[in-house]
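Good morning, and thank you for coming.

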Amino acid sequence: MSDGLFVQLSSQAWSQYKTVTSRDDSYLKLLDPKYQTFLSVAGKVDAAMGKLTTPPKSDQISPVADAVTLLESAQNGIVQVLEKFVQMDAQAVSSAGTINQKSISDKNKQEQGFDQDFRLAIDGVVYQAQVRISAASADV
């Protein structure tokens, strides 16, 4: 069986992020478990949405809504880690020698841009799930 839409979108976001970021392992080790949770929940959203009939029955909406709520929670886990990255970046700049501070700061700004792109992609996955559950609920 091929991956569902939400797993595919999540995987694409992660793949793109891993392609562009040069964050070291200390950062990625914090983010990877949160992403894996998100990916797992995206699979649950796909599975729940796959059980919807056309038109959906009212008893089919609750499992989808529950899965979307879990996806939102997993999204928050990713956001919290990305926010921690900003703090880690600031610490790296402040602990660097004066000569290195500007180059480290510039690199961190670039990395934070990649972090933001990843966050927006994950937000987009959640938004798509929210739109689909809203549409399915309206059809009941």
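Leaving aside its neighbours within four places in sequence, with which residues is phenylalanine 38 in contact? Phenylalanine 38 meets Ser10, Leu71, Ala74, Gln75, Ile78, Ile122, Val125 and Val126, where contact means heavy atoms within 4.5 Å.

A word on the source: this is a predicted model, in which local features need pLDDT of at least 70 and side-chain atom pairs count only at pLDDT 80 or more, while totals for chains, interfaces and linings use all residues. Residues are numbered from 1 along each chain as its sequence is written, and side-chain values use heavy atoms, with hydrogens and water left out.

The protein chain has four helices and zero strands; helices are DSSP runs of H or I with at least four residues, strands are runs of E with at least two, and both are numbered from the N terminus.

Phe38 is also among the residues with the most contacts inside the largest nonpolar core, which has 33 residues. Such a core is a set of buried Ala, Val, Leu, Ile, Met, Phe, Trp, Tyr and Cys residues joined through side-chain atoms within 4.5 Å, and buried means under 20% relative accessible area with a 1.4 Å probe, protein chains only. The elements giving two or more residues to this core are α1 (5-20), α2 (25-50), α3 (58-95) and α4 (98-138). Buried residues make up 34% of the 140 residues in the chain.

Finally, the C-alpha trace spans about 65 × 25 × 20 Å along its principal axes. Among contacts between residues at least 6 apart in sequence, 80% join residues at least 24 apart.

Note on methods:
Buried < 20%, exposed > 50% of the residue type's maximum accessible area, 1.4 Å probe, protein only.
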